[in-house]
Amino acid sequence: MRPTGSEPSGSLRTLLRGLPVLVGAAPEFDPDHAPDDPVELFVQWLLYAVEFGVTEPHAMTLSTVGTAAGVAGPRPSARVLILKDVDALGWHFGISSASRKGADLARNPAVALTFYWPALGRQVRVDGIAVADPPPVTAEDFLARSEGARAMVLTGRQSEPYSDPDEISEALAKAHLELEHSPSLVPVEWTSYAVRADSVEFWQSDAERRHRRLRYERDGDRWSTTLLWP
Ligand SMILES: Cc1cc2nc3c(=O)[nH]c(=O)nc-3n(C[C@H](O)[C@H](O)[C@H](O)COP(=O)(O)O)c2cc1C
């Protein structure tokens with residue numbers, strides 16, 4: 001049946017309460033046998049999610065801290081991005097510094113990443129500092145994007161308000177022309193970051209709500225681990 005998006009016959013609250021949650025496969029997770037390095041465990045979980053057929057397992061929520069117009073004090077802001085790589089430097093993603101998240105990161109590099117793989121009932125939380133990657137990594141990341149994605153970055157206007165859609169069409173046409181003349185152009189706005197984690201938490205759901213939570217915390221060059229109550 002096609003969704004209609006129309007009002008439920010009962011209350012929305014009742015509808016939401018009746019929706020199933022944490023019905024994923026919940027594979028075995030034994031924290032006692034977890035590797036010493038959270039990057040290793042993350043890559044294991046990510047590859048498992050890919051093999052399992054989880055939809056867009058590399059989509060993650062990036063939370064930043066910034067300011068909001070008319071509101072005093074720091075404000076968190078979150079959006080979904082695509083993970084580009086994970087290695088000893090951390091979790092890599094690429095963004096335009098012209099965007100709201102780019103402005104947040106320029107002022108405050110503290111971030112949180114959240115992954116949720118519903119088919120597996122697994123969540124991973126990464127807290128840390130976003131460090132700009134060296135220019136060759138940034139260039140490689142940008143040049144691997146589709147032409148459309150590169151052209152949109154070249155417009156340099158992400159997160160700005162607009163009133164006339166023609167503004168976007170004109171800027172895009174100009175950007176495509178620029179790319180035609182300079183196919184290896186990398187705009188200064190594009191930055192690849194690696195999140196150097198301070199803490200990483202692995203969360204495995206349990207139908208009886210006795211979820212397993214293992215938190216790694218950076219301790220110099222090593223990691224300490226703690227089990228957390230569900
Ligand atoms: C699955 C998914 C993947 C996305 N990937 C990206 C991405 O790789 N880069 C990006 O700038 N925005 C991406 N977006 C859009 C962002 O969520 C966001 O709307 C945009 O970056 C502007 O955010 P900002 O105004 O907070 O800077 C993606 C959204 C979704 C739902």
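Which residues surround the ligand? In this predicted model, the ligand is surrounded by E56, R79, V80, L81, I82, S99, R100, K101, Q158 and S159, where a residue is near a molecule or strand if one of its heavy atoms lies within 4 Å of it. Residues are numbered from 1 along each chain as its sequence is written, and the model is a predicted one in which local features need pLDDT of at least 70, side-chain atom pairs count only at pLDDT 80 or more, and totals for chains, interfaces and linings use all residues. Side-chain values use heavy atoms, with hydrogens and water left out.

The residues of the shell around the ligand comprise three nonpolar, three polar and four charged. For this division, Ala, Val, Leu, Ile, Met, Phe, Trp, Tyr, Cys and Pro count as nonpolar, Asp, Glu, Lys and Arg as charged, and the others, Gly among them, as polar. Polar contacts (pairs of N or O atoms within 3.5 Å; within protein, one must be able to donate a hydrogen and the other to accept it, and residues adjacent in sequence count only if both atoms are side-chain atoms) are found at several of these positions. In the side chain of R79, an N or O atom is 2.8 Å from an oxygen atom of the ligand. V80 has a backbone N or O atom 2.7 Å from an oxygen atom of the ligand, and for a backbone N or O atom of R100 the distance to an oxygen atom of the ligand is 3.2 Å. On its own the ligand has 610 Å² of accessible area, of which the protein covers 64%; accessible areas come from the Shrake-Rupley method with a 1.4 Å probe, and for residues only the protein chains shown count as cover. Two or more residues of the shell come from each of β2 (71–82) and α3 (100–107). The most is given by β2, with four residues.

The secondary structure of the protein amounts to six helices and nine strands. Helices (H or I, at least four residues) and strands (E, at least two) are DSSP runs, numbered from the N terminus. Along the principal axes, the C-alpha atoms of the protein fill a box of roughly 55 × 55 × 40 Å. Of its 230 residues, 36% count as buried, where buried means under 20% relative accessible area, exposed over 50%, and partly exposed in between (1.4 Å probe, protein chains only).

Rings of Phe, Tyr and Trp (its six-membered ring) pair if their centres lie within 6.5 Å; planes under 30 degrees apart count as stacked, over 60 as edge-to-face and the rest as tilted. W45 and F202 form an edge-to-face pair, at 5.2 Å centre to centre and 80° between the planes. This pair links distant parts of the chain, with W45 in helix α2 (residues 38–52) and F202 in strand β7 (residues 190–204), 157 residues apart. Both W45 and F202 are buried. F29, W45, F202 and Y216 form one aromatic cluster.

Most residues other than glycine have a negative phi, and most peptide bonds are trans. L22, which is not a glycine, has a positive phi of about 55°. L22 lies in the loop between α1 (12–18) and α2. A26 is not a glycine either, and its phi is positive at about 45°. A26 is also found in the loop between α1 and α2, and is partly exposed, with a relative accessible area of 33%.

V131 lies in strand β6 (residues 122–132) and has 43% relative accessibility. E189, in the loop between α6 (165–181) and β7, has 24% relative accessibility. The C-alpha atoms of E189 and L154 are separated by 8.2 Å, at 35 residues apart along the chain. V137 lies in helix α4 (residues 135–143), with a relative accessible area of 34%.
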